[in-house]
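The following note sets out points for a colleague who has the sequence and the coordinates to hand.

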Amino acid sequence: MLLIIIFFNLVSAQSNDMIFEFKKDSKLGQWQVVDDVVMGGRSNGTLELNENGNGVFKGDVSIENNGGFSSIQLRLEAKKTDEKAAISLRLKGDGSDFQFRIKASTRDRHSYIYNFKTSGDWETISIPLSDMSPSFRGYSLQIPNFNHNKIEQIGVLKSSKENNTFKLEIKHIYLVN
């Protein structure tokens, strides 16, 4: 009987796969900052480590020259997912809205997105992958929500229709299968 209970617990347990943990020896060079300057805008964002070893994505969003976004992206070795998978983010925002983004393949032009509002306090944001909707350049696409078996890229985007300053402190990002 005990063997059956142990087996059941092993089968039903979720596994956490670290995607990225920010700490003092993190390799921030793996991340890429992409701002609206790629299309003529004037927003600027940075990603750096603070004294606690947390990643800090911060900057200014400018709507000048039809701009309005700043983002960070990380290419991954393919992370296998299943239909019940979720992303878990440990973060502290400035109380504003952000967007988490994934791509099943780095060759995809579209991303799958999930918008979330930060509270200003440390919190864990849990995002079921099946809740992530397809988007290309801010437009929703008429294809199904994320239903792939892998992720090759993640990102965080700050967008706005008015000029503003933003700050998002991140401790870690997990894939929960």
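**Notes on the predicted model**

1. Seven strands make up an open sheet, a sheet of 7 strands in the order S2-S5-S12-S7-S8-S10-S11, paired in antiparallel fashion. At its edges stand S2 and strand S11 (139-140), each having a single partner strand, so one side of each lacks a neighbour in the sheet. The model discussed here is a predicted one.

2. Within this sheet, S5 and strand S12 (residues 150-159) run antiparallel and are joined by 9 bridges. Gln73 has Gly155, in S12, as its bridge partner. In general, the strands of a sheet pair through backbone hydrogen bonds, in either a parallel or an antiparallel manner.

3. The chain as a whole contains 1 helix and 13 strands. Read from the N terminus, the order of elements is α-β-β-β-β-β-β-β-β-β-β-β-β-β.

4. As to overall dimensions, the C-alpha atoms fill a box of roughly 65 × 45 × 30 Å along the principal axes. Of the 177 residues, 44% count as buried. Among contacts between residues at least 6 apart in sequence, 72% join residues at least 24 apart. The chain exposes about 10300 Å², of which carbon and sulfur atoms supply 49%.

5. How many salt bridges does the structure hold? The count is 4. One of them joins Arg42 to Glu64, with the closest N and O atoms 3.0 Å apart. Arg42 is located in the loop between strand S2 (31-35) and strand S3 (44-49), and Glu64 in the loop between strand S4 (55-61) and strand S5 (69-80), so the pair ties together parts that are 22 residues apart in sequence. Arg42 is partly exposed at a relative accessible area of 48%, and Glu64 is also partly exposed, at 41% relative accessibility.

6. A further salt bridge is formed by Lys58 and Glu48, whose closest N and O atoms are 3.2 Å apart. This pair links distant parts of the chain, since Lys58 belongs to strand S4 and Glu48 to strand S3, 10 residues apart. Lys58 counts as partly exposed at 31% relative accessibility; Glu48 is partly exposed as well, with a relative accessible area of 33%.

7. Glu152 and Lys150 also meet through their side chains in a salt bridge, at 3.0 Å from N to O. Lys150, with a relative accessible area of 25%, is partly exposed.

8. On the surface, Val37, Val38 and Met39 form a nonpolar patch that together has about 310 Å² of accessible area. Met39 is placed in the loop between S2 and S3. With a relative accessible area of 52%, Met39 is exposed, because exposed residues are those over 50%.

9. Asp108 is found in the loop between strand S7 (97-103) and strand S8 (111-117). Its relative accessible area is 22%, and Asp108 is thus partly exposed. Between the C-alpha atoms of Asp108 and Leu168, which are 60 residues apart along the chain, the separation is 26 Å.

Methods
Residues numbered from 1 in each chain as written. Predicted model: local features only at pLDDT ≥ 70, side-chain atom pairs only at ≥ 80, totals over all residues. Heavy atoms only, no water. Helix = DSSP H or I, 4+ residues; strand = E, 2+ residues; numbered from the N terminus. Buried < 20%, exposed > 50% of the residue type's maximum accessible area, 1.4 Å probe, protein only. Patch = residues over 30% accessible without salt bridge, like charges linked within 9 Å, V, L, I, M, F, W, Y side chains within 5 Å. Areas by Shrake-Rupley, 256 points an atom, 1.4 Å probe, with all protein chains shown as cover. Pairing = 2+ DSSP bridges. Contact = heavy atoms within 4.5 Å.
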